[in-house]
Amino acid sequence: NALTLLAAYSYYDRQKSKYLKDLTTLETVLIPNPDEHDTSTFHSITARGGFNHATEEGVLDFQAGFDINTEYGKGKRMQGGEEHIGDYALFVSVQWHISDHITVQPAFRISYNTEYESPITPSLNFKYEIQKTILRASYARGFRAPSLKELYLQFYDSNHQIEGNDDLVAETSHNFNLNVSNNSSIRSMPLNLKASLYYNIIEDRISLVQVDPDNPLHYKNANTDHFESVGGNISLGVYPMRYLSVDAGLSYIGRKDSYYQSDEFVFSPSVLANATLKFFKNKA
């Protein structure tokens, strides 16, 4: 059995005062108009805890816990002057070792959001392991409520005009993953081969969009409807010597966004190569 707890508190305070300075006498005078001054304050609290329990037979493992996230903001930059949002959740997962090779892990999360109706979000993970090969497959449903700043923060300065939007709706999503890895060797030289595929669907995606085509600084948070991404990658790691490793990989990612009136995926490739040399008895 194991119990894990995490708690964090973040505090931010910003005071803005505006002065007039006479460049001939160097006299500085505070501007009397209170609208020219501002104090912004933000508080955030995060707390998460979980309890893990494994049965003596080693067939079932349980995990249950809670997740709390709250945000509070006050100041002239907040749309209502003072705003608060909170998210409170419980989650449960069960890891079932069907055999020495197969493990299934279903889970679900139920939450309460002070501004949005939260659905139950399930997930399912599958693992198949045989000899030196591991196959993993997973599905998860997602839900993300807008943050306090996405909803209410009005940020204006000489280089930014970013507006919050209290008409935002929450994002919902579906995520699919398939991964396979193999650790083997050729003539005693270790090899590590990995391949993965994924597919994401996001409804009511929250993005920053340009409000005025003639003003490149003016942006607003908005729901950009339907977004999809699909992709895969394959990589190979080779260890020809004790202190030398070489890795190479290729990925191919496609995106489709209804906001840009794209009905087809736009794909882009990416290539990675990496070599690591260790010397001075692995100290450098």
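Eight aromatic pairs turn up in this chain by the ring rule. That rule takes the rings of Phe, Tyr and Trp (for Trp, its six-membered ring) and pairs them if their centres lie within 6.5 Å; planes under 30 degrees apart count as stacked, over 60 as edge-to-face, and the rest as tilted. One of the pairs is F176 with Y199, which is stacked, at 6.2 Å centre to centre and 20 degrees between the planes. The two residues are 23 apart and link distant parts of the chain, with F176 in strand β12 (residues 171-186) and Y199 in strand β13 (residues 189-203).

Before I go on, a word on where this comes from. This is a predicted model, in which local features need pLDDT of at least 70 and side-chain atom pairs count only at pLDDT 80 or more, while totals for chains, interfaces and linings use all residues. Residues are numbered from 1 along each chain as its sequence is written, and side-chain values use heavy atoms, with hydrogens and water left out.

F176 is partly exposed at 35% relative accessibility, and Y199 is partly exposed at 28%. Here buried means under 20% relative accessible area, exposed means over 50%, and partly exposed is in between, using a 1.4 Å probe and protein chains only. Another pair, F265 with F267, is tilted, with 6.0 Å centre to centre and 45 degrees between the planes. F265 is partly exposed at 28%, as F267 is at 38%.

Now the whole chain. It has one helix and 18 strands. These are DSSP runs numbered from the N terminus: H or I of at least four residues for helices, E of at least two for strands. The radius of gyration is 26 Å, well over the 19 Å that the globule rule gives for 284 residues, so the chain is more spread out than a compact globule. The radius is taken over C-alpha atoms, and the rule is 2.2 Å times the number of residues to the power 0.38. Along its principal axes the C-alpha trace spans about 80 × 50 × 45 Å. Buried residues make up 26% of the 284.

Which order do its four strands take? The order is β10-β11-β15-β14, in an open sheet with mixed pairing. β10 (154-156) and β14 (206-210) stand at the edges with a single partner strand each, so one side of each has no neighbour in the sheet. Two strands pair if DSSP finds at least two bridges between them. Strands of a sheet pair through backbone hydrogen bonds, either parallel or antiparallel.

β10 pairs with β11 (residues 161-163) in the antiparallel sense over three bridges, and Y156 has Q161 as its bridge partner. β11 and β15 (residues 218-223) run parallel, joined by three bridges. β14 and β15 are antiparallel, over five bridges. Y219 in β15 is the bridge partner of I162, and Y219 is also that of Q210.

Last, one residue. Leaving aside neighbours within four places in sequence, F227 is in contact (heavy atoms within 4.5 Å) with N200, I201, I202, R205, R255, K256 and D257. By contrast, S40 is 187 residues away from F227 in sequence and 34 Å away in space, C-alpha to C-alpha.
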